[in-house]
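Here are a few notes to go with your first look at this one. Have the sequence and the 3D view open while you read.

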Amino acid sequence: MGRAMKQQIHDFKGIGFSKIGYFKEVRKKITELENLNVTLAQRRNRLEAIFNSISDGLTILDRNLNIVFANRIQQAMFPGVSLIGEKCFHAYYHKEDICKNCPSLKTMANEATLQGEVIIKDGKFAGHYFEWTTSPIMDHSGRIAEIILLMRDVTKRKEYEFKLMQADRMAAIGFLAAGIAHEINNPLTSISGFSEGLLKRLKNLQGEDCGKQLESFREYLEIIHAEAYRCKNIIQKLQEFSRISGDDFAPLQIDRLLMDTVSIFRQHAKDSKIKISYENRLTKGFDTVIGKESQLKHLFLNLFNHAFVCMEDGGALELSSSSDHKKAEIRISHTGCVRPDRYHVNIFDPTCQTQATGDGNPIDLSICYNIVQHHKGEIRFSSEVDQGATFTLRFPLHPN
């Protein structure tokens, strides 16, 4: 019995020591968890500080497009709007349904980083331009868990770009003013001459056979009518280039845009001894792009101007358009004098005022580059000494 009592006391001590060891292990784990929580809190605070120091608005979306985080810049972009817990399309665009071509959904589908820009048309922030970027956040299993949405308000920059583009367009039209004035003067000369002829014939109608006179009247009036409408068309084309147009993208036919631009240059080309030719290899149904008409016309206007500056002694401007059923390609080639040593490595660099002909005339093609990028296109430049140069442009097709 004494031995049994000693065994029970020993077992009791063993259990006690086991419990003490267990509690020590639990306390150790609790301490590790507390330290881990402190570390995680520090990391979270660090990430929030980093996010809040970013100059762009930053939003984190879950897979259902709910806003789970928005940094201070993002909240400042949309003051008075409760962002956390809201759907992004409702909070930012005041829409009840998911946006058409939603970039966040595309990022979740393709696991790709996407970029673009958008103008808000309705609500409190109507008229604001935003550049956006969407990137995926992966979980431990490699599956997309959340989306980072970066937004930057570029409204002021867009306003300055628009003013610069408008001023540049006016300067380009001023460059063509002499040729346009000459082209308008030709039909006006015909109108004034034939109208004076009609007035003289009216004086001689009394007492004469009117048959032949009336026939000449008809011929003269038809010429006056045609020349007057020619003036109207010239002025209408000029107004289309100089007017301030809207910001909406629309389906546009490439060949019509090129021919409209050529019509503005026709007289200037004649005066400058430059022959313009256009080879249209676009097939019906694959000749349309989505774009802003005023911007694309401005793009062609600038590139034509560049070519004319290079052809001081005359030459040829050769245009061609074709497609591969995915993209439309436009080639603008000229036979002017180009000195590659005068070009910057990147001719479209806005910091480089390119001197194309060596006469000190700066040609800045950064506006052209920005227009092409805005239309999700490509632009390349190639040249050879004393053999001219070529601009090649490619734009995504909009199938009819």
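Leaving aside its neighbours within four places in sequence, which residues is R256 in contact with? Keep in mind that this is a predicted model.

1. Once the neighbours within four places in sequence are set aside, the contacts of R256 are E293 and K297. Another residue to look at from here is D287, which sits 31 residues away from R256 along the chain. The C-alpha atoms of R256 and D287 are 9.7 Å apart.

2. Where does R256 sit? You'll find R256 in helix α8, which covers residues 254–271. Its relative accessible area is 33%, so R256 is partly exposed; the buried class stops at under 20% and the exposed class begins at over 50%.

3. Now for α8 as a whole. The helix has 18 residues, and from its first C-alpha to its last it reaches 26 Å, close to the 26 Å expected at 1.5 Å a residue. Look along α8 and stop at F265: the helix bends there by about 45 degrees. After α8 comes K273, and its phi is positive, near 60 degrees.

4. How enclosed is α8 by the rest of the structure? Largely so, because 13 of its 18 residues are buried. R256, as noted, is partly exposed.

5. Moving on to the aromatics: there are 6 aromatic pairs in the structure. One of them joins F78 and Y92, a tilted pair with 4.7 Å centre to centre and 35 degrees between the planes. F78 belongs to the loop between α2 (72–77) and α3 (88–93), while Y92 is in helix α3, so this pair ties together parts that are 14 residues apart in sequence. Both F78 and Y92 are buried.

6. Y92 has another aromatic partner worth a look. With Y93 it makes an edge-to-face pair, at 6.4 Å centre to centre and 80 degrees between the planes.

7. F78, Y92, Y93 and F130 form one aromatic cluster.

Technical notes: Residues numbered from 1 in each chain as written. Predicted model: local features only at pLDDT ≥ 70, side-chain atom pairs only at ≥ 80, totals over all residues. Heavy atoms only, no water. Helix = DSSP H or I, 4+ residues; strand = E, 2+ residues; numbered from the N terminus. Buried < 20%, exposed > 50% of the residue type's maximum accessible area, 1.4 Å probe, protein only. Contact = heavy atoms within 4.5 Å. Expected span 1.5 Å × (residues − 1). Bend = angle between axes of the 7 residues up to and from the residue. Phe/Tyr/Trp six-rings, centres within 6.5 Å; stacked < 30°, edge-to-face > 60°.
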